[in-house]
Amino acid sequence: MPELPEVETVRRGLAPAMEGARFARVEARRADLRWPLPKDFVARLEGQTVTGLGRRAKYLLADLTSGEVLVMHLGMSGSFRVSQDDRRHPEVAAKRPSKDDHSRRRPSRLAALAPQGDGTDLAAYYHDKGRLAAHDHVVFHMSNGAVVTFNDPRRFGSMKLVKRAEIEREPLLRALGPEPLGNAFDAAMLAAACAGKKTSLKAALLDQTIVAGLGNIYVCEALYRAHLSPKRRASTIADRKGAPNERAAALVDAIKAVLNDAIAAGGSSLRDHRQTDGELGMFQHNFRVYDREGEACRMRGCKGTIRRFVQNGRSTFWCPACQR
DNA sequence: CAAAGTTCCTGCGAGC
DNA sequence: TGCTCGCAGGAACTTT
């Protein structure tokens with residue numbers, strides 16, 4: 001699923017559920033996502049409060065009171081879902097008593113687990129396998145009643161705990177290029193990074209060490225908006241000294257515009273991406289080339305047709321008529 | 001069949 | 001010529 005706009009959409013959805021809340025209980029239902037979770041993963045999370053939820057490129061970063069950072073990546077098919085366990089509120093639970101309600105079956109466990117009275121003691125309420133779906137690998141039961149569930153069929157996603165003080169040295173983050181929506185990302189920077197590159201412009205934009213957060217969809221869309229061919233050599237957006245030309249400026253503007261548009265639309269929903277409330281992202285309806293092979297180019301004055309070809313093992317969609 | 005991502009490995013060319 | 005070194009491209013991971 002997830003490129004920068006989808007991850008940012010997820011971050012915004014998770015923030016109200018997680019920031020300022022404590023991990024009352026954590027379930028690691030699979031020990032292996034992309035890599036094995038640390039053996040003490042649950043212990044290092046439970047009891048910690050999330051002081052902030054940030055994003056770097058396609059990574060989500062949850063700062064914890066322990067001084068560690070929970071680094072999360074959605075891979076290709078990962079998604080987070082936030083639900084509210086209303087049974088933790090006695091007045092709500094009382095309105096609909098049920099013989100099947102797990103909370104009624106566990107009074108003794110509840111009492112045994114009730115050291116604090118603000119959520120931790122109610123953790124037993126949350127355990128409800130009937131609510132879990134296939135590929136729900138990690139579940140965060142927050143002290144505010146929010147239940148945050150990580151689902152990832154392909155398990156290319158990952159979670160890792162890193163000390164805040166060592167975050168700059170973290171291998172996953174260390175080599176990342178600038179944020180495409182940040183001030184550091186401009187025509188001069190992009191041109192300098194592409195100067196001397198023998199690879200294609202498309203491959204350069206997918207290279208997370210040049211600019212961090214773009215993926216296959218938004219690279220295709222940005223190149224289209226900038227009228228630049230994905231086959232063009234990356235070095236041709238710079239002059240011989242590495243200074244930016246007009247192509248670099250157009251490309252930077254196109255990248256920022258398409259990412260901002262996509263974030264405003266809640267990201268793109270193809271197979272797996274959902275906003276954390278389960279709503280679909282909407283930006284897929286605004287794709288101009290991605291997955292539009294054979295359709296007429298919609299660029300003003302262009303009579304071209306959108307084509308697809310495989311580049312570095314991945315589908316590239318473009319208009320050969322207006323992208324040069 | 002092809003898929004929104006990242007890491008690891010191999011092969012090639014440049015340069016010493 | 002031969003040997004590094006770095007870059008570019010491809011495979012692998014997994015499930016639907």
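A polar side-chain atom of T199 lies 2.7 Å from a phosphate oxygen of DNA strand C. This is a polar contact (a pair of N or O atoms within 3.5 Å; within protein, one atom must be able to donate a hydrogen and the other to accept it, and residues adjacent in sequence count only if both atoms are side-chain atoms). The model is predicted: local features need pLDDT of at least 70 and side-chain atom pairs pLDDT 80 or more, whereas totals for chains, interfaces and linings use all residues. Residues are numbered from 1 along each chain as its sequence is written, chains are lettered from A and ligands numbered from 1 in the order written, and side-chain values use heavy atoms, without hydrogens or water.

The residues around DNA strand C are H135, P153, R154, R155, F156, K197, K198, T199, R271 and N312. A residue is near the strand if one of its heavy atoms lies within 4 Å of it. By class, the nearby residues divide into two nonpolar, three polar and five charged. Here Ala, Val, Leu, Ile, Met, Phe, Trp, Tyr, Cys and Pro count as nonpolar, Asp, Glu, Lys and Arg as charged, and the others, Gly among them, as polar. Sugar or phosphate accounts for 68% of the atoms of DNA strand C within 4 Å of the protein; the rest belong to bases.

An open antiparallel sheet is built from four strands, in the order β1-β6-β7-β5. Strands are DSSP E runs of at least two residues, helices H or I runs of at least four, both numbered from the N terminus; two strands pair if DSSP finds at least two bridges between them. β1 (23-28) and β5 (79-84) are the edge strands, each with a single partner, so one side of each has no neighbour in the sheet. From one strand to the next the twist averages 15 degrees. Helix α1 (residues 4-18) packs on this sheet and touches β1, β5, β6 (136-142) and β7; contact means heavy atoms within 4.5 Å. The direction of α1 makes about 35 degrees with that of β5. Axes are lines fitted to C-alpha atoms, for helices over the stretch in contact, with angles from 0 to 180 degrees between N-to-C directions.

Within the sheet, β5 and β7 (residues 146-151) run antiparallel and share six bridges. S83 stands opposite V147, and V82 has V148 as its bridge partner. On the β6 side, five bridges join β6 to β7, with H141 opposite V147. The β6-β7 hairpin has three residues between its strands, and G145 in the turn has a positive phi of about 95 degrees. Six of the six residues of β7 are buried, so this strand is largely enclosed by the rest of the structure. Buried means under 20% relative accessible area, exposed over 50%, partly exposed in between (1.4 Å probe, protein chains only). A146, V148 and F150 cover one side of β7, and V147, T149 and N151 the other.

β4 (residues 68-73) is mostly covered as well, with six of its six residues buried. E68, L70 and M72 point one way from β4; V69, V71 and H73 point the other way. Five bridges join β4 to antiparallel β3 (residues 59-64), where D63 stands opposite V69. G67 in the β3-β4 hairpin takes a positive phi near 95 degrees. β4 also pairs with β8 (residues 158-163), antiparallel over six bridges, and V71 stands opposite K160.
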